[in-house]
Amino acid sequence: MVRIYTLTLAPSLDSATITPQIYPEGKLRCTAPVFEPGGGGINVARAIAHLGGKATAIFPAGGATGEHLTALLLDEQVSADTVKTQDWTRQNLHVHVESGSEQYRFVMPGAALSDDEFRQLEEKVLGVESGSILVISGSLPPGVDVKKLTQLIQAAQQRGLRIIVDSSGEALAAALEVGGLELVKPNQKELSGLVKRDLDEPDAVRQAAIDLVKSGKVRRVVVSLGPQGALAVDGDNCVQVVPPPMKSQSTVGAGDSMVGAMTLKLAQDASLEEMTRYGVAAGSAATINKGTRLCAREDTDKIFAWLNR
């Protein structure tokens, strides 16, 4: 079995609560908060664990919030490999409003990383055994620019690591310029920015994904299409997977659940179609939960079985 690691440069301690309604200035009475680990790569590792796999999460952790985050991960049987930082790990807030079923997500800036703290994280990554999959997911914190990110990816590839990147904007574009990535998962808007053209024509998304693969920048592109599921392309195949109609409670964690499920299947050497179906199933499973909960294995397996009918 191929080993899986994730790298999260801007982790968070997420808290979720429910309030009857939201309005300015008054006191908003909320339910007791539910605390969960957060941050792209951390959620990917959690999703893999929820689906019966194993992954080690590499991330910086600072202060009491960092300690709380690490303890919560260990409670979920997710291996944590941390670097202690001077800045406290950020804390985000997710509020569900009962009256209108709205979701409010208050996202704080990531804790700054010093050069030495980043170097320690880099050493952990470069110590991973050759042939492993490394998922780099989430935003870049203060103190880390895209040059540091691309140098880390290049060094990791030279050590024989297979790199998946789930990010956006400048970070995703810079990672693709390194080339040779295993998988990226942009949405339609992000894909349009990567290929620098509008994707309004019926076949435009498929062609843009094919162009990325043919460029040698990435081996597989899975385009997230929201309620329409996902379009996946590799060097030989193109598949679209549409999920069953379901009532969405929250989209928080759906993307990370999808990446976690696809990474697990990739480690098992599954086909592009199977990998994408399992990813869509996990992403859909996450949306039926309120707050910040990720996919559950039972829900994912049921949706996956439906997709395989």
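Contact, as the word is used in these exercises, means heavy atoms within 4.5 Å. The structure is a predicted model.

**Exercise 1. Describe how helix H4 packs against helix H5.**

Solution. Two packed helices are described by the angle between their axes and the distance between the axes.

Step 1. Locate the two helices: H4 covers residues 146-158 and H5 covers residues 169-178.

Step 2. Consider the axes, which come within 9 Å and cross at roughly 35°. The crossing of H4 past H5 is right-handed.

Step 3. List the residues that meet. H4 contributes Val146, Leu149, Thr150, Ile153, Gln154 and Gln157, while H5 contributes Glu170, Ala171, Ala174, Ala175 and Val178.

Step 4. Sort these residues by class: the contact of H4 with H5 has seven nonpolar, three polar and one charged residues.

**Exercise 2. Determine which residues of the largest nonpolar core touch the most other members.**

Solution. 

Step 1. The core holds 45 residues, and those touching the most other members are Val125, Leu134, Ile163 and Leu181.

Step 2. Ask which element supplies the largest share: helix H7 (residues 204-214) does, with seven residues.

Step 3. Examine Leu181. With neighbours within four places in sequence left aside, the contacts of Leu181 include Ile153, Gln157, Ile163, Val165 and Ala175.

**Exercise 3. State which residues of H7 are buried, and what the buried residues pack against.**

Solution. 

Step 1. The buried residues in H7 are Ala204, Val205, Ala208, Ala209, Ile210, Leu212 and Val213.

Step 2. Their packing partners are helix H6 (188-195), E11 and E12.

Step 3. Turn to those two strands. E11 (residues 221-224) and E12 (residues 230-233) pair in the antiparallel sense over four bridges, and Val223 stands opposite Leu231 in E12.

Step 4. Complete the hairpin: five residues lie between the strands, and Gly226 takes a positive phi near 65°. Another glycine with positive phi, Gly216, follows H7, with a value near 85°.

**Exercise 4. Work out the order of strands in the open sheet of four strands.**

Solution. 

Step 1. The order is E3-E2-E6-E7, and the pairing is mixed.

Step 2. Identify the edges: strand E3 (34-38) and strand E7 (102-106) each pair on one side only.

Step 3. From one strand to the next, the twist averages 25°.

Step 4. Inspect one pair. Strand E6 (residues 90-97) and E7 are antiparallel, with five bridges, and Val97 stands opposite Glu102 in E7.

**Exercise 5. Is Cys30 buried, partly exposed or exposed?**

Solution. 

Step 1. Cys30 lies in the loop between E2 and E3.

Step 2. Buried means under 20% relative accessible area, and exposed means over 50%. Cys30 has a relative accessibility of 45%, and therefore counts as partly exposed.

Step 3. Find its surroundings. Not counting residues up to four places away in sequence, Cys30 touches Thr17, Ile18 and Thr19. The C-alpha atoms of Cys30 and Val95 are separated by 8.7 Å, although these residues are 65 apart along the chain.

Conventions
Residues numbered from 1 in each chain as written. Predicted model: local features only at pLDDT ≥ 70, side-chain atom pairs only at ≥ 80, totals over all residues. Heavy atoms only, no water. Pairing = 2+ DSSP bridges. Axes fitted to C-alpha atoms, helices over the stretch in contact; angles between N-to-C directions. Left-handed = near helix turned anticlockwise from the far one by under 90°. Nonpolar A, V, L, I, M, F, W, Y, C, P; charged D, E, K, R; others polar. Core = buried A, V, L, I, M, F, W, Y, C linked by side-chain atoms within 4.5 Å. Buried < 20%, exposed > 50% of the residue type's maximum accessible area, 1.4 Å probe, protein only.
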